[in-house]
Amino acid sequence: MIKHIIELELKKQFHKELESSLLYLSMASWVEHKYGEFDGISHFLYDHSQEENIHMIKLIKYINKRGGYADLNNINIHNNMNITSQCNSIQDVFKNLFKHEQIISQKVSDLVKLSLKEHDYFTYHFLQWYIQEQIEEENLIKKYLDKIKLIEEDKSGWYLFDKDITHNHNSK
Ligand code: OFO
């Protein structure tokens, strides 16, 4: 049976994953609207939004499996969707996504710390998947951000970047 404190914190985390999914979705729509020619980038963002949804469902199922109840009442999500109003470029999109992934990594670390404090080794074990995922996600978004910084205004660079993101994404 899951402890109340763990259940509460895991619920907050599935809200964060929902927020992540909506954030990627809002970025995808914004890029598609502003930069229709770069459909590789918007496809990557749309697909990533679905991945974040999977992260959320994994948490919901875990909470329920351990005897808690992952209700979706009073969902508390930060209004990150407004971030697109602060974006002037694709670089801004990836900067914001990288910042967001770093926040998620911190939340996962806090959860791991709590699971150890509460001697909940089942949750500790469950969270290892999220640790691995965050290593990959931070690395992926940072890699794209670094490439974008190199491209700046080079139009052919943007063309290649769009192809690159499509290729990397399809070969996953
Ligand atoms: Fe982007 O990894 Fe979940 O939130």
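Is Ile2 buried or exposed, and what is its relative accessible area?

Analyst: The model is predicted. In it, Ile2 is buried, because its relative accessible area is 7% and the cut-off for buried is under 20%. Ile2 belongs to the segment that precedes helix H1, which runs over 4-34. With neighbours within four places in sequence left aside, the contacts of Ile2 are Glu7, Leu10, Tyr62, Arg66, Gly68 and Asp120.

One of the contacts of Ile2, Asp120, leads on to the loop between helix H3 (90-117) and helix H4 (121-151), where His119 is found. His119 is exposed, because its relative accessible area is 55% and exposed means over 50%. The backbone of His119 has a positive phi of about 55°, although the residue is not a glycine.

Helix H4 itself contains Glu137. Glu137 is buried, with a relative accessible area of 3%. Not counting residues up to four places away in sequence, Glu137 touches His48, Glu51, Glu52, His55 and Glu101.

To return to the request: Ile2 is buried at 7% relative accessible area, Glu137 is buried at 3%, and His119 is exposed at 55%.

Conventions:
Residues are numbered from 1 along each chain as its sequence is written. This is a predicted model: local features need pLDDT of at least 70, side-chain atom pairs count only at pLDDT 80 or more; totals for chains, interfaces and linings use all residues. Side-chain values use heavy atoms; hydrogens and water are left out. Helices (H or I, at least four residues) and strands (E, at least two) are DSSP runs, numbered from the N terminus. Buried means under 20% relative accessible area, exposed over 50%, partly exposed in between (1.4 Å probe, protein chains only). Contact means heavy atoms within 4.5 Å.
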